[in-house]
Amino acid sequence: MITQGSAEQVRSSSSSSHGQALATHKENLLCMVSYCENDVDCRRLLQLIHFGETFDPSHCSKTCDNCKKGLRWIEKDVTNIAKQLVELVLTTRQSCSSSHILEVYRGSLNQNVKKNHHDILPLHGAGKNLAKGEAARVLRHLVTEGILTEDVKKSDTYGSVSSVLKANQVKVGGLRSGKQIVLKFPTADKAPKMGKLDESSISQVNKTVQRQSEMDERIFHRCSMKL
Ligand SMILES: [Zn+2]
């Protein structure tokens, strides 16, 4: 027989597990959106990270759509962003998913951020001026390097997969004591095609031809003097 008190307890526990499941589904949806929007990183790397594994994108051999694009890259020092993301993971007691950490870092005021009072953290919104996807790439790199790890769990009740970011204290120590992180980011610049030169290239070629011509004249003049 269930008394009124215990019936309420069962209802409350059921409602809390339903809320938890809903939160997990939302997190997974955000991960899927992030995966779809990512038009830079290797798909194999992204898929395997989701399941708590790592993958070297150079082994993809251009067999996924993003690797096939052959983008041009620029290098950027992202050490400070990396440190801030790690600090966020630690200050939220290593209990949040990557999408939640990114939401907090970007300054989101969504229900989950407010409910956990993560909107009052000093690093809330610290990455709001970064280009779209930049913080996500740094976070993925931290997971690939093992500085952060994704603790993946499968819910017995609903069969859904959820993950929580944890920090590797030894590797975090390395980052804090001066390890530099430089990542490649895609650039919009296109390599000039063979046979087609833009104005700056033509001007550069003209200058080189002019310099060579002046040098030829000087050599000719010197030779004439010696004759
Ligand atoms: Zn790939």
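Which residue just after α4 takes a positive phi? Arg-93 does, with a phi of about 60°. This is a predicted model, in which local features need pLDDT of at least 70, side-chain atom pairs count only at pLDDT 80 or more, and totals for chains, interfaces and linings use all residues. Residues are numbered from 1 along each chain as its sequence is written.

The protein chain has nine helices and four strands (DSSP runs of H or I with at least four residues, and of E with at least two, numbered from the N terminus). Their order along the sequence is α-α-α-β-α-α-α-α-β-β-α-β-α. Of its 227 residues, 18% are buried, meaning that 20 or more other C-beta atoms, placed from the backbone, lie within 10 Å of the residue's own.

Helix α4 spans residues 79-91. Its buried residues are Ile-81, Ala-82, Leu-85, Val-86, Leu-88 and Val-89. They lie on the same side of α4 because they cover an arc of only 155° around the axis, taken from the directions from the helix axis to the C-beta atoms. Their cover includes α5, α7, β2, β3 and α8.

Two of these covering elements, α5 and α7, also pack on each other: Ser-98, Ile-101, Leu-102, Tyr-105 and Arg-106 in α5 meet Ala-135, Ala-136 and Leu-139 in α7 (contact means C-beta atoms, placed from the backbone, within 7 Å).

Definitions and conventions: Expected span 1.5 Å × (residues − 1). Buried ≥ 20, exposed ≤ 12 C-beta atoms within 10 Å, placed from the backbone. Contact = placed C-beta atoms within 7 Å.
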